[in-house]
2 protein chains.
Amino acid sequence: MKIAIIGGGALGLLFSYYLNQVHEVTLYTRTNEQAECINREGICLIEGEVFHRQLIQAKHIDSWNDTYDLIFVTVKGYHLSLLMPLVSQWPIKQGGMVFLQNGMGHVNWLAKLTAETIYLGSVEHGASRLNPTTVSHNGQGLTRLAAYRGTDDLLMELKGTAPKGFPFVNEPDYKMMLMKKLLVNAVINPLTAAFNVPNGMILANPFYHKIALHLFEEATTVLEIHNKHEHWQNVQAVCRQTATNRSSMLKDIESGRETEIDAILGYLVEEAARKQMAIPLITNYYNHIKGKEILMGDAK
Amino acid sequence: MKIAIIGGGALGLLFSYYLNQVHEVTLYTRTNEQAECINREGICLIEGEVFHRQLIQAKHIDSWNDTYDLIFVTVKGYHLSLLMPLVSQWPIKQGGMVFLQNGMGHVNWLAKLTAETIYLGSVEHGASRLNPTTVSHNGQGLTRLAAYRGTDDLLMELKGTAPKGFPFVNEPDYKMMLMKKLLVNAVINPLTAAFNVPNGMILANPFYHKIALHLFEEATTVLEIHNKHEHWQNVQAVCRQTATNRSSMLKDIESGRETEIDAILGYLVEEAARKQMAIPLITNYYNHIKGKEILMGDAK
């Protein structure tokens, strides 16, 4: 397939590296500098002690002048609105689109798109961008995809041609899939960033464990989830499997970058307001992280 | 007056230094080492750029063998129970007692005492202990005292003979006095320790400000306080007056010491349980600080 990947962050680099092994990939970046670096040096992927390098075509996002079978949108949720002017200028005959954002805030945004096929994704790989051309693949996982609109055809093709170590799984219900990940993110991300601890400490510290359970309870109430026990088992499993990792939100705070708090707890705050529910803990941690963003941004 | 001061922390050293100027003070410490140091070097008080030194008699707490007109108990609330065996062995004819602990947890404890006169105090001085013989007087304030049991006689004598820069004020209602300080401590101490910021940031950061107001609301509900507006003005005034200070709880966390969270939010948690009130934010910050105590204690 001819594939475009939008966004030169950790996910954009990771997907470009792997998908280019079996497809013809063009990576679209926000800056000219990054596109030039990648065209010159390729993308370097680090797995443990091993370095891999692969040449990949990269372009600045404004020089979009082609059509693709599949377009992966890997930018953070809060940058999606910047893409709107671009998307509206596309030739009508673009192919399918895949959205890999955290949270559920981006779902409402998809209705405006004209693409015939739209998939939503939930990425379970661990990855961090080390520099504009280098991504560290910290934890092998899988990419879950579910159709938001259109057929599963492109998804099946992607799944059938997946490179080694980079599997795709077909999910029947995009809402369930996103909610499952949202619950994990709503607990682990804000608390690790608030307490400045690796993921495992959320369970290992008995007082943080209590807080995690309270926050989880509120989130399941807002999302009107009934199989709470199953989801809590899942949150705990992720904490254990990624015990020594520092969450993306903690890393964002440490680097003075904007976090994804609006897509995660911000979405729950809006849902709760719509449903007129009281959510003291979600509100607290939303404000806590927003306050920390200002503080760390100022210190930068 | 013949005065005993129990506890060689910041308050114990501060009160010993000042009261010894007009009274005959003996300072009782938990360790022999500190008593010996003080007997050798005296107490050094630092105010801004100025050093003052004064010779003071110090003894180990176990060598108590005298009677006093007034006994100041300056140890932290969580150490009060350790004093019980000592107090029960005192000759009956001890004088009045003054308790300077934060929170209100110690008030229930006073009923067991046999002393005829008991005062409760609320200290508004800023002080930190720099080493076993040195205290820094960071902010001049006053000491409010209210009778819990007995007459105001000793209190009036203390007030009348107060040394320069160390005034005492007579308060009519010990509950009101302690509640006022508890509300200040319940908001400023846990939040500054949780966010790792100086006191002023609780108001200056708009998101922390929101959290402070929510926490304050819960605390006033538990304490059944009606003049909320007045108390919120007071909390804000203290934040502003001590804007650049790091709170005692933040300093305790930074040094891996036990905090006074049990005497402050722990007291509110118990009160709320007794009154069957839901207090999500107080519970959250109680657990937050307890979790941080473990974490910082382990790191020490």
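Q: Where is A:Ala237 placed?
A: A:Ala237 sits in helix 9 (residues 228-241) of chain A; helices here are DSSP runs of H or I with at least four residues, strands are E runs of at least two, and both are numbered from the N terminus. This is a predicted model, where local features need pLDDT of at least 70, side-chain atom pairs count only at pLDDT 80 or more, and totals for chains, interfaces and linings use all residues. Residues are numbered from 1 along each chain as written, chains are lettered from A and ligands numbered from 1 in the order written, and side-chain values use heavy atoms, with hydrogens and water left out.

Q: Is A:Ala237 buried, exposed or partly exposed?
A: A:Ala237 counts as partly exposed, at 22% relative accessibility. Buried means under 20% relative accessible area, exposed means over 50%, and partly exposed lies in between (1.4 Å probe, protein chains only).

Q: And what separates its C-alpha from that of A:Tyr17?
A: The two C-alpha atoms are separated by 28 Å, with A:Ala237 and A:Tyr17 lying 220 residues apart along the chain.

Q: Switching to the interface: how many residues of chain A are in contact with chain B?
A: 22 residues of chain A are in contact with 22 residues of chain B, contact being heavy atoms within 4.5 Å.

Q: What area is buried there?
A: About 1800 Å² is buried between chain A and chain B, and carbon and sulfur atoms give 70% of that. Buried area is the accessible area (1.4 Å probe) that two parts lose on being put together, summed over both. A:Phe207, A:Asn287 and A:Leu295 supply 29% of the area that chain A buries against chain B, more than any other three residues.

Q: Which elements of chain A give two or more residues to that side?
A: Helix 8 (206-222) and helix 12 (280-299) of chain A do. The largest share, 12 residues, comes from helix 12 of chain A.

Q: How many salt bridges are there between chain A and chain B?
A: The count is 0, taking a salt bridge as a side-chain nitrogen of Lys or Arg within 4 Å of a carboxyl oxygen of Asp or Glu.

Q: Now B:His106, buried or exposed?
A: B:His106 is buried, with a relative accessible area of 4%. The residue lies in the loop between strand 7 (96-99) and helix 4 (107-110) of chain B.

Q: What is B:His106 in contact with, beyond its neighbours within four places in sequence?
A: Those contacts are B:Leu80, B:Phe99, B:Gln101, B:Leu120 and B:Leu178.
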